[in-house]
Amino acid sequence: MDPGNIEDDAVHFYPEHRSKKYRPSQLAKLNPIEKSRYLYYEKPTKEMTIAKEAALKRVRLEVRQRDAEAESSRRKEVEKQQQEKHNELIGQLKAAEARNRIRLLRIRYNNVRNGELEQMIAYQPTSI
C-alpha cells in the first residue's frame with residue numbers, strides 16, 4: 001500500500017445492521033480474534049481516525065525526508081562528477097599551456113643560436 005493514498009471510508013464496507021450486537025462490556029470479554037472480526041465492520045472511532053491520520057502524517061514525513069536525502073545525495077554526486085570533469089579540463093589546459101611554453105622556449109633558443117651562428121659566420125673574414 002502506498003502511504004500517499006489514504007484508504008477512504010467509502011472504500012471500506014460498514015454494514016448498517018448486524019445479526020448480533022455487543023455491548024461494550026460484552027465486547028471486552030471477547031477473545032481477540034472474535035473482537036477483531038466484530039470491530040472490522042464497525043466504523044472507526046474518532047481516536048482511531050486521529051491516530052491513523054497521525055501515523056500517515058509521520059509516514060509521509062519520513063518518505064519526504066528520505067526522498068529529500070536521496071535527491072540531495074544524487075545532486076551532490078552530479079556536482080562531484082561535474083567538478084571532476086572541470087578539474088580534468090583545467091589540468092588539460094594547464095598541460096597544454098606548459099607544452100606551449102616549452103615549445104616557445106625551444107623555438108626562441110633555436111632562433112638565438114641560429115642568429116649567433118649567422119653572426120659568427122658573417123664576421124669571419126674568410127666567409128665572404
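## Overall fold

The protein chain has three helices and zero strands, where helices are DSSP runs of H or I with at least four residues, strands are E runs of at least two, and numbering starts from the N terminus. Reading from the N terminus on, the order of the elements is α-α-α.

This is a predicted model, in which local features need pLDDT of at least 70, side-chain atom pairs count only at pLDDT 80 or more, and totals for chains, interfaces and linings use all residues. Residues are numbered from 1 along each chain as its sequence is written, and side-chain values use heavy atoms, with hydrogens and water left out.

## How confident is the prediction?

The predictor's confidence in each residue is called pLDDT, and it goes from 0 to 100. For the protein chain the mean pLDDT is 85, and 84% of its residues reach 70 or more. Which elements have the lowest and the highest mean pLDDT? Helix 1 (residues 24–29) has the lowest, at 84, while helix 3 has the highest, at 95.

## Surface and burial

Of the 128 residues in the protein chain, 5% are buried. Here, buried means under 20% relative accessible area, exposed means over 50%, and partly exposed lies in between (1.4 Å probe, protein chains only). The accessible surface of the chain comes to about 12000 Å², and carbon and sulfur atoms account for 55% of that. These areas come from the Shrake-Rupley method with a 1.4 Å probe; for residues, only the protein chains shown count as cover.

Side chains of opposite charge can pair when their charged atoms come close. The structure holds two salt bridges, each being a side-chain nitrogen of Lys or Arg within 4 Å of a carboxyl oxygen of Asp or Glu. Which residues do they link into a network? They are E71, R74 and R75.

R74 meets E71 at 2.6 Å, N to O. Both lie in helix 3 (residues 46–123), three residues apart, about one turn of the helix. R75 also bridges to E71, with the closest N and O atoms 3.3 Å apart; this pair is four residues apart in helix 3, again about one turn. As for accessibility, R74 is partly exposed at 46%, R75 is partly exposed at 45%, and E71 is partly exposed at 30%.

## A nonpolar patch

L89, I90 and L93 form a nonpolar patch on the surface, with about 250 Å² of accessible area together. Patches are made of residues with over 30% relative accessible area and no salt bridge; like charges are joined within 9 Å, and nonpolar side chains (Val, Leu, Ile, Met, Phe, Trp, Tyr) within 5 Å. L89 sits in helix 3 and is partly exposed, with a relative accessible area of 46%.
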